[in-house]
Amino acid sequence: MLAEAQAKGYAEADPTLDVGGVDAAHKLQILASLAYNGYVHFPDIHVEGIQKVEAVDVEFARELGCRIKLLAIAKEEQGELEVRVQPTMIPETHFLASVGGVYNAVLLRGDSAGSLMFSGRGAGQMPTASSVVADVVEIAHNIVFRRPSRASLLPTAPMADEGIRIRPIERIRSRYYVRIMAVDKPGVLSRVSGVLGEHHISIATMLQKGRAEQAAVPIVMLTHEAVEGDMQKALKRINHLDVVAQDAAVCRMEGIED
């Protein structure tokens with residue numbers, strides 16, 4: 001799929017920025033700075049790409065009535081701004097679930113207006129050329145008619161000067177999809193759930209596939225809302241259990257109520 005996207009001009013010859021989530025993070029930096037009227041420093045944005053998303057997780061998402069999308073998220077709560085780029089599981093009824101192919105979308109949620117979504121082609125020769133030509137034409141008009149360039153709306157002051165702080169990734173709250181490849185034998189579930197419980201993480205839904213002789217089987221859990229730092233500590237312990245065959249796959253969830 002990546003090779004096909006590159007052939008059509010939808011992905012760069014070096015796809016690192018696209019696949020690694022860096023391109024989305026650059027866009028998030030601009031949009032969050034505009035939306036919250038403060039300068040967002042790029043290193044403050046937590047960035048995860050789609051490199052670790054496997055086909056089995058996409059299939060489990062479908063089974064759960066969800067889709068996995070690479071989302072750039074900005075949320076303000078109690079004077080702190082949460083900015084992150086991560087593969088995220090959303091319900092198939094979510095506004096963003098239908099966005100695919102070369103289309104990008106921005107979803108805004110306001111106190112009065114509710115949810116608003118803007119979508120359009122975000123890659124390819126013609127959309128890119130259209131944007132470049134529009135900028136060139138505007139510059140030419142400004143020169144010919146001696147008009148001053150439009151003032152930049154991007155804030156230049158550090159966010160600290162505006163009274164907004166960046167929330168550390170360890171303190172965000174989210175629901176989680178967790179897939180564990182474990183040996184199929186008695187006591188595995190209790191050991192895994194015990195570790196989660198010790199870190200204040202409760203299980204909302206669980207799926208377990210059938211037996212596989214002398215092979216690890218997937219255990220899929222959806223959690224209630226939990227703190228990222230607690231989840232990371234729990235995963236570190238789970239990954240070291242002797243009944244776990246490989247590091248657990250994890251995906252944050254949005255748009256799903258507890």
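## Terms and basis of the model

Helices (H or I, at least four residues) and strands (E, at least two) are DSSP runs, numbered from the N terminus. This is a predicted model, in which local features need pLDDT of at least 70 and side-chain atom pairs count only at pLDDT 80 or more, while totals for chains, interfaces and linings use all residues. Residues are numbered from 1 along each chain as its sequence is written, and side-chain values use heavy atoms, with hydrogens and water left out.

## Overall composition

The protein contains 7 helices and 11 strands. Of its 258 residues, 33% are buried; buried means under 20% relative accessible area, exposed over 50%, and partly exposed in between (1.4 Å probe, protein chains only).

A contact requires heavy atoms within 4.5 Å. Among contacts between residues at least 6 apart in sequence, 65% join residues at least 24 apart.

## Helix α6 and its surroundings

Helix α6 spans residues 188–198, and its buried residues are Val188, Val192, Val195 and Leu196. Seen down the axis of α6, these residues fall within an arc of 100°, so they line one face of the helix. The arc is that of the directions from the helix axis to the C-beta atoms. The buried residues of α6 pack against β7, β8 (203–208), β9 (216–223) and α7.

Just after α6, His200 takes a positive phi of about 65°, although His200 is not a glycine. This residue lies in the loop between α6 and β8. His200 counts as exposed because its relative accessibility is 64%.

## A second residue with positive phi

Arg146 is not a glycine either, yet has a positive phi of about 55°. Arg146 is found in the loop between α5 (125–144) and β6 (165–166). With a relative accessibility of 77%, Arg146 counts as exposed.

## The second largest pocket

On a 1 Å grid over the protein atoms alone, a pocket is an open set of points where a 1.4 Å probe fits, with protein on both sides within 12 Å along at least five of seven lines; lining residues have an atom within 4 Å of a point. The second largest pocket has a volume of about 590 Å³, a volume being the space filled by probe spheres set on the points. It is lined by 25 residues, of which Glu48, Lys52, Ala248, Ala249 and Val250 are the closest to its centre. The elements giving two or more residues to this lining are β7 (173–183), α7 (228–239) and β11 (249–253).
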